[in-house]
Amino acid sequence: MSISCATLGCAALIASAGCAGSPTASERAARSDVAAVSRRYRPGDARPALPLLTSASPLADYLRFATLNSPRVESAYYDWAAAVAGITPARSRPDPRLTFESDIADTIMSLMPGLMLDLPGPGKLRAAGDVMAAESRVAYFGFEREILRTALATKTAYYRLHFLEETIRVESETLRLLDDLEQLAQQQNAAGRVTLQDVLRAQIARDQVETQITNLEDSRSALAAELKSALGLGPGDAAPPIPATFEPSVGDPRPDGLLATALIRNPNLRAMEEDVLRAEASLGLARKAGVPDFSLGIELDIRADPTLFRPSAGMSLPIWRDKIAAEIAGAQASKRAAEARLTAEQVEIAAELASMLFMFREAVRNDALLRDKLLPKSRQSLDAARAGYVNGRAGFLDVIDAQRTLLEFELMGIEARTQRELALASLSLAIAGVPPAGAPILEGGPSSERSPTSDPEEDRP
């Protein structure tokens, strides 16, 4: 009895004390990736110190603040960490089971506690781990995608705020010009050279510009709210300072270089490539559906003398061939769908790249035309119209028309520069997938995708 009790106690201890499986190479690499990112992004699961933003802060500080503070980025990070943690349960054996059996007639004839182990068929655990490892890499690129989206939203709000201030400056200069024109018209009217109609025209134009300035100033709060949202600040947080300086983008994007970079770095493409690998791993797992699973157990009759040992063994019988064939067919279809999505995304990225490059080139050409030709000539035209009006050789409508043309060209120039900056931001972040400097990402992608997807030996308790 003492030997059987000791044996049963050891079995119970093995079952309850816990065992550790052998991590696969991709699992170890995935854990290492999470640890590397967490040291920069969430050291000790806490948000690192955020940059102190002032109106003089560079754009890089705003981008770093947004990346570290955005709840969307944080959510994607923990989704990735959860996917990596899910590799271990996927490749682990089922838990052992304690069993109990007894024969009872008038009294208890036998009392048989035992231990049962379920053993999945060869290769099934490795295949399940491969599937989850690929899913974790898909989740990583979701994290990287959110970083790029947050950076793009921050840059967009930053540029739009700057060019809003430029627009208000131009409209304010126009308002001062119209005040001068109104005084000029009043002087001409007092001298009897023109009618009151010229004064009224100047006042009408001035009132329109005043209203436009009011509308623009009112829109500043909406753009400031966009910047606040991009920085991950909630309704109860103080509004961030509006940047007082502007950092224009540099560089002349090359189509071939951008496309090559996008094919290597774009997180949407990378995620879809990993989805294809996940589908391949799922297909490998489906093909093992015909491999039987096993179970091993032992029971001890502790009432018998001498103690009786009752070993048992079992094996599943995968006899439903139509079910197995359907699982394989479904996995093959999923793989083909993933490959088609990848191809479609590549085509879409190439089209978006062509569209954004056109927007960039168009903006550059329009800005050069306005800056070098149209604006200088428009200013000369306005000066000539004003001089002609004073000398009586031009009407006030000529002056107003010249002023409106100048204002229109100046606003078109601001629009062209805005379009250029937004196109460059989209090209680098949304299409090429180039992260901002200092972003907490894995250079070159997850190291687990460069590791063997499985180990040569099964996990063991």
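Which helices do the buried residues of H4 pack against? The structure is a predicted model, in which local features need pLDDT of at least 70 and side-chain atom pairs count only at pLDDT 80 or more, while totals for chains, interfaces and linings use all residues. Residues are numbered from 1 along each chain as its sequence is written, and side-chain values use heavy atoms, with hydrogens and water left out.

Helix H4 covers residues 71–85, where a helix is a DSSP run (H or I) of at least four residues, numbered from the N terminus. Its buried residues (under 20% relative accessible area, with a 1.4 Å probe and protein chains only) are Val73, Ala76, Tyr77, Trp80, Ala81, Ala83 and Val84. They lie on the same side of H4 because they cover an arc of only 160° around the axis, the arc being that of the directions from the helix axis to the C-beta atoms. An α-helix has 3.6 residues a turn, so residues three or four places apart point the same way. To answer the opening question, the buried residues of H4 pack against helix H2 (25–41), helix H3 (59–69), helix H5 (87–91) and helix H6 (124–190).

Leaving aside neighbours within four places in sequence, Tyr140 is in contact (heavy atoms within 4.5 Å) with Trp80, Ile441, Leu442, Gly445 and Pro446.

Terms used:
Helices (H or I, at least four residues) and strands (E, at least two) are DSSP runs, numbered from the N terminus. The expected span of a helix is 1.5 Å times one less than its number of residues. Buried means under 20% relative accessible area, exposed over 50%, partly exposed in between (1.4 Å probe, protein chains only).
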